[in-house]
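Here are my notes for you on this structure. Have it open on your screen while you read.

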Amino acid sequence: MVEQTVQIVSNERDTDLYFRLIARAPQIAPLVQPGQFAHVRILPLREALLRRPFSIFQVSGETLSILYKTIGKGTEVLSRMRPGEELSMIGPLGHGFTVPRPKGETPLLVAGGYGMAALYLLAQRSPQKGIVLVGGRRRVDILCEEEFHALGWEVRVTTEDGSHGETGLVTQALLTELKRPTPGRKLFACGPTPMLKAVGRLAAEFDLPAELSLDEHMSCGIGVCLTCVVPIKAGDSWEYQRTCTDGPVFDSREVAWEAVE
Amino acid sequence: MNLSVKIGALTLQNPVTVASGTFGYGVEYAQLIDLNQLGAVVVKGIRLEPVRGNLTPRTVEVTSGLINAIGLQGPGVDGFIRKYWPFLKELKVPTIINIWGTTVVEYAEVARRFDALGGVGALELNVSCPNIKEGGAHFGTDVKLLGQVVGACRKATKLPLITKMSPNVVNITPYAKAAEAAGSDALSIMNSFPAMAIDIETRRPSLANVSGGLTGPCIKPIAVKLVWEAAKAVKIPIIGMGGIQSAADAIEFLMAGATAVAVGTANFYEPQTALQVIAGLRQFMKQKGIGDVREFIGSVQTGK
């Protein structure tokens, strides 16, 4: 974990409300593990004090990139920042995905919308290539498909309105895939909580291990404020653990889904 | 140049501490800042048993501030001693342990446990958390109960006792005096302000707990006035806090009558804040030719 001032290299619209930002972060980029995030202070935001967490998408030498959606005042201001401008970044943060060992499990990735970005480094660093299932509401919600193709991965797309790939939910495509008996699979997922819950249920049904990247509101990002807690099984009950430091990636079997709000 | 100040029998190398609940147990910040440069580390509130805390969402960002309703999630006395004390006791700067209970007896028992631990710098009594139904705020907003809880802890320990005051009172003076009379060595002024935010799309409160405590730069001027009022009423030192982001903010608190300050919410968004405040304080003293930080304490001139 390092705090440094990073410089924006590029910050371009991807589709619709989504942007890709590349930053020069020489102290952070080399340390990044798949599934980790960066906590970013958007300096022009004056009255909104908190940092914003972003999953790290790609890493290349001294640069790293994020893929974000403009959903509030923070990301809107961020989307207007230009190359050369600076951000304060703390990273890499969080407990990420377990990269499969050579000749180990075959990864089956499940992404909801821009959750796909958080899975890219895992796909890149996994010795076994696999399938990534990605779902979104519309065509514009499906991002970085080409990057996964370029890694030699198979990408299966579902959209709710049928504008791209199959019509339906990504979890329906997952069910279809899981019905094909293939040994040694492991699920990795990132997306909205209802999707993760459905992935967790399917993993249990098919008796497969699953690592899920949970998305919760954060304040500090480093484990002190206890904003981003999720219920994790402990004995015959559960306790709150922190998405920012104990997660964001949790073993699906450890999550106390009955207590997830 | 002297930056050191005294809080009861405890000497701080400089007057800049951190606010309980914004700094975890210190160890979380160790990779980002040199903890040994602080005046003291103040840990999150601890009661006898582990506490699960409130449901989520627990915090909401508001204009120049943050409303929180964490509910004092924590490991309990034993969990704290096992998980965090081995790290904290090796620090060169004192650890101030924030404690609370649901009864006067529990407060005193927690105080006794930490007294027996050895090596603790001071205890800060949290009588003012707005997010706990039992314990917390009602001890801080009832003069008689406040005196009882401080008095019981005073009997339970020789450690310096700091009472963290509630801002949720019409006049802080009788409360400050009650804590002093019951044996408190210092006052922390203050805890967060009761507050609420509503999501207009869903018509639901932004927090699961409905309301919470407001902190951050938006509360600073209110906190400065509370410090100023309390400083006129008591002889014991005051640790001032509320929205400090810079040395200038800290100096305002000192001039209002605080002997030391605590950086709170700013730790969440800028972990370097406390160290920047210390550096800025030195610089200001140099600029003004002031050799001792204590010259600032209560130096505001309100006369004509």
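This is a predicted model: local features need pLDDT of at least 70, side-chain atom pairs count only at pLDDT 80 or more; totals for chains, interfaces and linings use all residues.

1. The numbers here are computed from it.

2. Let's start with how the two chains meet. On the chain A side, 27 residues are in contact with 32 residues of chain B. Together the chains bury about 2600 Å², and 55% of that is on carbon and sulfur atoms. In chain A, the residues that lose the most area to chain B are A:Leu49, A:Val224 and A:Tyr240, which together make up 24% of what that side buries.

3. Now look for the charged pairs. There are two salt bridges between chain A and chain B. One of them joins A:Arg52 to B:Glu61, with the closest N and O atoms 2.7 Å apart. As for polar contacts, the count between the chains is 14 residue pairs.

4. Which elements of chain A give two or more residues to the side that touches chain B? They are β1 (2-13), β7 (86-93) and β15. Of these, β15(A) gives the most, with four residues. By class, this side of chain A has 14 nonpolar, five polar and eight charged residues.

5. Finally, take a look at the second largest pocket, which has a volume of about 600 Å³. Its lining has 27 residues, and those nearest the centre are A:Glu239, B:Gln73, B:Gly74, B:Pro75 and B:Lys83. β15 (237-242) of chain A and α1 (76-83) of chain B each supply at least two lining residues. Sorted by class, the lining has ten nonpolar, seven polar and ten charged residues.

Conventions:
Residues are numbered from 1 along each chain as its sequence is written. Chains are lettered from A and ligands numbered from 1 in the order in which they are written. Side-chain values use heavy atoms; hydrogens and water are left out. On a 1 Å grid over the protein atoms alone, a cavity is a set of points where a 1.4 Å probe fits but cannot get out, and a pocket is an open set with protein on both sides within 12 Å along at least five of seven lines; lining residues have an atom within 4 Å of a point. Grid points are joined across faces, edges and corners, and a volume is the space filled by probe spheres set on the points. Ala, Val, Leu, Ile, Met, Phe, Trp, Tyr, Cys and Pro count as nonpolar, Asp, Glu, Lys and Arg as charged, and the others, Gly among them, as polar. Contact means heavy atoms within 4.5 Å. Buried area is the accessible area (1.4 Å probe) that two parts lose on being put together, summed over both. A salt bridge is a side-chain nitrogen of Lys or Arg within 4 Å of a carboxyl oxygen of Asp or Glu. A polar contact is a pair of N or O atoms within 3.5 Å; within protein, one must be able to donate a hydrogen and the other to accept it, and residues adjacent in sequence count only if both atoms are side-chain atoms.
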